[in-house]
Amino acid sequence: MSKPKTQATVPDVTDLATRMIALTQRSLKAASKLQARSVAKASGSEYSLMDANTLAKAYGNVWNRALTHPQDLWAAQLKAASDLSKVWTSILVPQDAPVRDRRFKASEWSDDPVSRSYRDSFLAFEEAVEGLIDKLTEDGRDDLRVRFYTRQAISALSPANFLPTNAAARAKFFETGGQSILDGIENLLDDLERGDGRLDIATNDMDAFEVGVDLATTEGEVVYQNELMQLIQYHPRTETQHKVPMLFVPAWINKFYILDMRPENSLIRYALDQGHSVFVISWANPTKAHADLDFSDYMKLGPLAALDVVRDITKEEKANVLGFCIGGILVTAMLGYLAAKGDDRINSATTLATMVDFKDVGEIGVFIDDDRLAVLREHMEKKGYLEAHHLQDMFSMLRENDLIWSFYEANYLRGDKPRPFDLLFWNADSTRLPKAMLLWYLEEVYLRNKLREPGGLEMDGLKIDITRIRAPMFILATRDDHIAPWRSIYPATQILETDVEFVLGGSGHIAGVINPPDARCKYGYVTSDSYPPSPDKFLAQGVNHEGSWWPSWSSWLAVRSGEMVQPRKVPKRGRYKSLERAPGSFVTAEPD
């Protein structure tokens, strides 16, 4: 049954004209900045995730290979022609079955016959083109680029992205007397102004949260800092604590408070409530002064320096350590480094969404090769860092319909404001990356895949061999992770020669990790008593569990954390007394 039509709003003509004039003036300023950025990108003076030459080469190589196998090309064309016939069928015979594609979830797409025909013909066209590309491409990096950028182009052509073909946006236009389009233009200009001429599409209400007030509110103190990080010691939340303290090493691509969001989904607070003595690193947002700090410096000034402080405060020689994403890669490399030194200070290690095998990095590989690395090196030579928005754009393109076009449609075509969402607020609060660290990491780890190779990496003069790690490890991957594919995390079960507990969670890179055990917990997890070489065989033999993976990890960690002792409170005097209250100043400081 169709919803009753809403009474259209009759706009005040004077107010409408006043808004249009004001928006026109803002538009002229925004257009000037947008043009300047476009010229800079076209001239190559501003870094871009992909350039036209690389893309043309990729399509040319795939097409030339297809021409050398005319029979395969002909078969692919016949299949595509057959699939394209569905476009005409969809126009003449509309679909009755419900469409699961979230771009077309609004009822207007089914209720309005014109929009329904646009939707059905587009979906048929999309399926036909994807089928053709699948037939013409193989496993190489150029093929991956062709598949990726063809999908980007098709996603951009969705009828959901255009006012005349989007029934829900058209309906709101008439209901509001045109005010929704003015709201959309205002949202667009806000995003252009915030991006200083770059379209920085708002995915969240950035005024809804404040770090230290709404997020990252677990009580603690900054007890140490250097040029690269602050170390936070959290106040005990239990009458006794496990003897072995715990250090969290977050990624430095975003900020540490993904581990301490709101009280109900804070992994740090959860660990405290399980009786652990918790410390966390809060990384600096790099400036040009950090340009020459490399991956070894991140290890020495980060977790190694933090572990020294943790030992001095707790008087315990060993500690448990947890690393998230690139923080987990640093932890894994550090374990190999300590093994090379004969240092057994790590009692156990947990890694979350952390790859050890970079043979197949998924679609993120379209942005990284030797040519792009050369361009990146040149771009960072003067500034000394990579701006935060490049990584934001890259991660958004991996899920373009969810993180780009859905907000484009809502913000600009319907004139809506994004709703408050803590995870997306954090996602938009990203950081810069220093030159030396980023170039070393991309070349040595991402492109050359040396982390898994015994002796492949060298850090601070020592060869790294992660097969020598002896601390037990808990390794979490998530099934739909588009940044760290779980099939590139699973090989750790074969490479590492220590005791490994591998868990496959649900959802993706963030939601699958920040999945607390409460009534709203949506994602389960998979475990197994043994780890066959094939990830698919692991899935086939694995045991599915409902609920959060957090309690399973907590049980694993508890037996490796020693007896219960008096809680460790922040020292009131001495070398490591409180410098400031958590979450500290590094997490909110804007780079110079």
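The bend at a residue is the angle between two fitted axes, one for the seven residues ending there and one for the seven starting there. With that in hand, here is a quick tour of this predicted model: helix α16 (residues 435–447) bends by about 25° at Y441.

**Helix α16**
- Eleven of the 13 residues in α16 are buried, so the helix is mostly covered.
- Among the buried residues are K435 and E444, as well as W440, Y441 and Y446.
- N449 follows α16 and has a positive phi, near 55°.

**Nonpolar cores**
- The largest nonpolar core holds 145 residues, and the members that touch the most others are F248, F295, F367 and W553.
- Helix α10 (residues 295–314) contributes the most to this core, giving ten residues.
- A separate, second core has eleven residues, including A58, V62, F104 and L123.

**The sheet and its helices**
- Eleven strands form an open sheet with mixed pairing, in the order β15-β14-β13-β12-β7-β6-β4-β5-β2-β1-β17.
- Its edge strands, β15 (543–545) and β17 (580–581), each pair on one side only.
- Strands β7 (residues 346–352) and β12 (residues 473–478) run parallel and are joined by four bridges, with L352 opposite L476 in β12.
- Helix α20 (residues 550–558) packs on the sheet, and its direction makes about 165° with that of β7.
- Helix α11 (residues 326–341) lies across β4, β5, β6, β7 and β12, at about 140° to β6.

How values were computed: Residues numbered from 1 in each chain as written. Predicted model: local features only at pLDDT ≥ 70, side-chain atom pairs only at ≥ 80, totals over all residues. Heavy atoms only, no water. Core = buried A, V, L, I, M, F, W, Y, C linked by side-chain atoms within 4.5 Å. Buried < 20%, exposed > 50% of the residue type's maximum accessible area, 1.4 Å probe, protein only. Helix = DSSP H or I, 4+ residues; strand = E, 2+ residues; numbered from the N terminus. Pairing = 2+ DSSP bridges. Contact = heavy atoms within 4.5 Å. Axes fitted to C-alpha atoms, helices over the stretch in contact; angles between N-to-C directions.
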